[in-house]
Amino acid sequence: MASATTSVDNLAAVFKAYDVRGTVPDQLDEELARAAGTAYVEVLGASAVVVGYDMRPSSPGLAGAFAEGATAAGADVTMIGLASTDQLYFASGHLELPGAMFTASHNPAQYNGIKMCRALAQPVGQESGLAEIRDRIATGAPASGSRTGSVSQHDVLQAYAAHLLSLAPVAGRPLKVVVDAGNGMAGHTAPAVFDRLADQIELVPMYFELDGTFPNHEANPIEAENLRDLQQRVVAEGADIGLAFDGDADRCFLVDERGHAVSPSTLTALIADRELAKEPGATVIHNLITSRAVPEIVAERGGTPVRTRVGHSYIKATMAETDAVFGGEHSGHFYFRDFWRADSGMLAALHALAALAGSDQPLSALLAGYERYPLSGEINSTVADQAAVLAALEEQYGDTEGVSLDHLDGLSVSHADWAFNVRASNTEPLLRLNVEGKDETTMAEIRDEVLSVIRSDR
């Protein structure tokens, strides 16, 4: 008989577009994790898997239960222990094994989740196995393995650090760097990486203590309030740059020497420029809420920009189809062909440090050429009838002269002087708005105009 957490209704709630995410223990518990381990192995036909977990109090137990389910289905399990999500992707690529990472990323402390991939960090999303895993759990069928697999331990942290630095070596002038780990997994990975740069970088650590209750601020640097401590510390220390990571450290955000937050679109353009310098004419992926400056700069540097919808499974699939060298998302995810097309916040950070160390300019000046259009940042609104709001926006802007619409992901509205996208969150009951304009006044006018429609039912 199915339990509450393995019921069809609950499975529909926690199996999202890209991963599994829910509150512990009412939506996600060890019984569901165990069933997920079995279903994952059977759907993928895996004989061995690698498993890691973050610093949340529930993570070790959930990961252990997943391993039990996987071994019951006949797979051998390699446990890498505490890890960032990009460290799990490294293990999947380095060991050539499918992988599962227990984390709820930036979500509050009561949440946990599972990010799954095939061998070589290939994505498992709704359209690439996740729905099958969900449906297999819903049947309640026992594991069908003819043997019980083994469990072993393998520490990949130092190999991970060495691999990242081989992809983005940092050389040049010395730097003072403030890193805010937000009590998340960058507190585990950053020391391993920065210890190898001790002669070049003076590290100022913030909130490196692993604590899944997030006592200082949420580990979600896309929200402005979660960057304030870092911004103040960068200025107080006279640092060259600040780095902020989310809870599982697969996303990275920058703060310049003035304490100003840097748009992830700007970092996307910088890394794209660096990658195109190494491979002229290469393809670069950008999602549809990234600033239009990114495809402009890619084209100007001789590269081929390719636009895709939001979400790592879509980005990775498009990278594979086009053999893209790099991909960036405005949410702070950065994907690298040389890193098995997976996203790594730490590798993005190293690209920024390498560019800065190789320049005689402060970060603000270095990045000025990549910042072209004022951006609103992501603005979230809880909306009762999301479809009705999108229809109202399409009706309002559809007949406007010079405007084009598309529905690649939500509703995108483009004009020569401005653009915006409104899309439903894949993980929360929200509509997300991103706006840019030719200048601050234009951006603010469109932002307020669109928000008045989105929030008209309040």
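Is Phe66 buried or exposed? Phe66 is buried, with a relative accessible area of 0%, where buried means under 20% relative accessible area, exposed over 50% and partly exposed in between, using a 1.4 Å probe and protein chains only. This is a predicted model, in which local features need pLDDT of at least 70 and side-chain atom pairs count only at pLDDT 80 or more, while totals for chains, interfaces and linings use all residues. Residues are numbered from 1 along each chain as its sequence is written, and side-chain values use heavy atoms, with hydrogens and water left out. Helices (H or I, at least four residues) and strands (E, at least two) are DSSP runs, numbered from the N terminus.

**Aromatic pairs**

- A search of the whole structure finds eleven aromatic pairs; rings of Phe, Tyr and Trp (its six-membered ring) pair if their centres lie within 6.5 Å, and planes under 30 degrees apart count as stacked, over 60 as edge-to-face and the rest as tilted.
- Tyr40 and Phe66 form a tilted pair, 5.5 Å centre to centre and with 50 degrees between the planes.
- This pair links distant parts of the chain, with Tyr40 in helix H2 (residues 30-44) and Phe66 in helix H3 (residues 59-72), 26 residues apart.
- Tyr40 is buried too, at a relative accessible area of 0%.
- Phe326 and Phe336 are also a tilted pair, because their ring centres are 5.3 Å apart and their planes stand at 45 degrees.
- Phe326 lies in strand S14 (residues 326-328) and Phe336 in strand S15 (residues 334-336), ten residues apart.
- Phe326 is buried at 0% relative accessibility, and Phe336 is buried at 2%.
- One aromatic cluster is formed by Phe90, Tyr160, Phe339 and Trp340.

- The buried residues of H4 include Thr85, Leu88, Phe90 and Gly93.
- Just after H4, Glu96 has a positive phi of about 55 degrees.
- In helix H11 (residues 312-322), the buried residues include His312, Tyr314, Lys316 and Met319.
- The buried residues of H11 pack against several elements, among them helix H4 (85-95), strand S12 (283-287) and strand S13 (304-308), where contact means heavy atoms within 4.5 Å.
- Asp323 follows H11 and has a positive phi, near 60 degrees.

**Helices that pack together**

- Helix H6 (residues 157-167) and helix H12 (residues 345-357) pack at an angle of about 40 degrees, with their axes 9 Å apart; axes are lines fitted to C-alpha atoms, for helices over the stretch in contact, and angles run from 0 to 180 degrees between N-to-C directions.
- H6 and H12 are therefore oblique to each other, since angles under 35 degrees count as roughly parallel, over 145 as roughly antiparallel, 65 to 115 as roughly perpendicular and the rest as oblique.
- Tyr160, Leu164, Leu165 and Leu167 of H6 make the contact with Met346, Leu347 and Leu350 of H12.
- Helix H14 (residues 386-397) and helix H15 (residues 440-454) pack at about 135 degrees, with their axes 9 Å apart.
- That angle makes H14 oblique to H15.
- Val389, Ala392, Leu393, Gln396 and Tyr397 in H14 meet Glu449, Val450, Val453 and Ile454 in H15.
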